[in-house]
Amino acid sequence: MIELDYGNISTEKVGSTHGLNLPQVFEDYRDQIRDIVSRIYAEKDQPGGWKRWLNLGYDQKLLDELNAYAQSVKGRFSDMVILGIGGSSLGGYAMLRALLHPYWNQLSDAQRNGFPRYYFVENVDSDQINPLMEMLDPERTLFVVISKSGTTAETMSAFMISKDWLEQKLPADQVKQHIVAITDAQKGVLRPVANQLQYQTFEVPDDVGGRFSVFCAVGLLPAVLCGVSLSEIQKGIQNLDKVLQNPDLQQNPAAQGALLQYLLYEQGKPISVFMPYSYRLASVSDWYVQLWAESLGKKHDLQGNVVHVGPTPVRAVGVTDQHSQVQLFNEGPFDKVFTFVSVGKPAQDIQIPANQFSDVEDLNYLNGKPMSQLMQAEFESTRASITNNQRPNMTLTLPQVDAYHVAQLLYLLEVQTAIAGALMGIDPFDQPGVELAKKYTYALMGRKGYEGLVSEARGQKNPIGV
Ligand code: PA5
């Protein structure tokens with residue numbers, strides 16, 4: 001099971017100015033947390049409450065459908081292109097980066113066991129799309145277009161380009177076999193288009209928002225198409241969920257993580273650094289950044305008051321960032337709280353040779369040691385330096401990076417976000433700030449019905465150098 005160690009947030013470890021009196025905090029917030037956790041789970045089926053993502057780990061029907069589709073196309077495609085953005089892309093990418101061979105796309109078909117290479121197109125930059133299309137074989141490429149709203153300009157434009165490309169290269173009756181759509185059951189334009197053109201489709205269920213959608217087809221289809229075991233993912237979620245449903249603050253790591261981060265935010269630490277010590281988990285940092293930022297950065301509270309709240313998440317990766325951001329982390333302003341992620345055992349270890357430079361005394365300490373030992377030493381020493389510099393920090397530990405534990409990591413962070421939103425008194429499931437920019441884009445691109453927003457969207461050109 002994934003574990004949380006929050007000891008380095010205590011006043012004993014980081015001092016009374018920057019730490020928290022943990023026994024006192026746990027006493028003070030016991031009842032509020034009990035209410036919040038009970039309410040969140042009680043509302044998980046409530047229409048319009050946007051908490052149905054809490055049910056995704058139990059959806060056997062979805063697993064059966066996804067497994068059946070994956071089985072039906074096994075060996076058919078050498079390349080899979082995922083078209084989506086934000087919550088419709090980051091979770092799937094984080095899972096594939098974590099669970100597949102780190103150089104998956106460089107492996108041969110046989111080494112990939114017949115599963116496809118994967119590419120995520122999440123930008124509207126032709127410098128990303130054109131070179132990719134030039135590499136692909138249309139006969140052997142599957143496009144998975146993902147959009148909950150079914151209208152997002154970035155995704156729909158990439159979809160239109162991909163469809164056109166297929167139509168130019170394949171017989172008309174074959175195109176539909178190369179496109180899968182994942183979208184809302186009713187809303188948006190993608191659904192009617194996909195139905196009309198007879199694409200294979202999967203649903204983003206009602207009341208599951210983008211950044212909480214990794215455990216529906218949005219994240220699971222790319223995973224199963226590359227051979228990841230969906231039942232391991234669900235098993236991991238279900239076993240952790242027993243713990244996270246517990247409203248007792250002493251027993252619930254998602255509630256602990258949410259509460260401690262919330263209190264440190266209130267205490268003048270608005271920056272939340274997420275730093276996995278794992279190459280495979282590097283993209284979980286990107287997913288966390290979106291989850292934390294889009295969920296908690298809000299103008300209004302639940303009563304409609306203007307509050308302008310929200311911690312700023314920062315992506316970091318250990319050990320790489322030790323030689324980049326850690327100088328700032330250790331000596332800069334006391335405005336950060338850190339979440340480290342440590343991994344018990346790497347999938348593969350490698351030993352530093354014992355016979356290299358044996359006569360160079362300054363390198364002898366490395367001789368014959370496993371790289372995992374160096375990784376662990378660097379993690380522990382960085383964490384110690386951060387703690388000794390009075391910077392509060394927590395550590396999530398995964399025994400290993402596999403489907404079961406990565407699912408637990410993502411699910412814990414989702415529940416933590418929901419609880420943090422409740423503590424902050426805001427709605428963590430909406431994103432009005434994103435919607436406004438989307439509408440401005442429609443206006444600037446000439447979409448019917450948005451003409452009135454054109455001048456507002458253009459803003460004012462600022463003179464340069466005056
Ligand atoms: O988390 C969210 O809700 C957003 O990041 C969306 O996922 C993103 O805007 C893409 O939206 P859609 O899936 O509707 O295309």
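User: How much area do domain 1 and domain 2 bury between them?
Analyst: Domain 1 and domain 2 bury about 2,500 Å² between them, and 61% of it is on carbon and sulfur atoms. Buried area here is the accessible area (1.4 Å probe) that two parts lose on being put together, summed over both. This is a predicted model: local features need pLDDT of at least 70, side-chain atom pairs count only at pLDDT 80 or more, and totals for chains, interfaces and linings use all residues. Residues are numbered from 1 along each chain as its sequence is written, and side-chain values use heavy atoms, with hydrogens and water left out.

User: Which three residues of domain 1 supply more of that area than any other three?
Analyst: Q234, R280 and E414 do, with 27% of the area that domain 1 buries against domain 2.

User: Where are the domain bounds?
Analyst: Domain 1 is 3-42 + 234-424, and domain 2 is 52-230. The bounds come from an automatic or database domain assignment. The two centres, taken over C-alpha atoms, are 30 Å apart.

User: Switching to helices. How do α10 and α15 cross?
Analyst: The axes of α10 (residues 230-244) and α15 (residues 403-424) come within 7 Å and cross at roughly 45°. Axes are lines fitted to C-alpha atoms, for helices over the stretch in contact, and angles run from 0 to 180 degrees between N-to-C directions. Helices are DSSP runs (H or I, at least four residues) and strands likewise (E, at least two), numbered from the N terminus.

User: Parallel or oblique?
Analyst: Oblique, therefore, for α10 and α15. Under 35 degrees is roughly parallel, over 145 roughly antiparallel, 65 to 115 roughly perpendicular, and the rest oblique.

User: Which residues in α10 and α15 meet?
Analyst: From α10, the list includes I233, I237, L240 and L244. From α15, it includes Y404, Y411 and V415. Contact means heavy atoms within 4.5 Å.

User: And α3 against α15, what angle?
Analyst: The axes of α3 (residues 30-42) and α15 cross at roughly 120° and come within 10 Å. That makes α3 oblique to α15. Residues Y411 and V415 of α15 are among those that meet α3.

User: What about phi of F357?
Analyst: Phi of F357 is near 50°, positive in a residue other than glycine. F357 sits in the loop between β11 (336-345) and α14 (371-388). Q390, not a glycine, also has a positive phi, about 65°. Q390 is in the loop between α14 and β12 (393-400).
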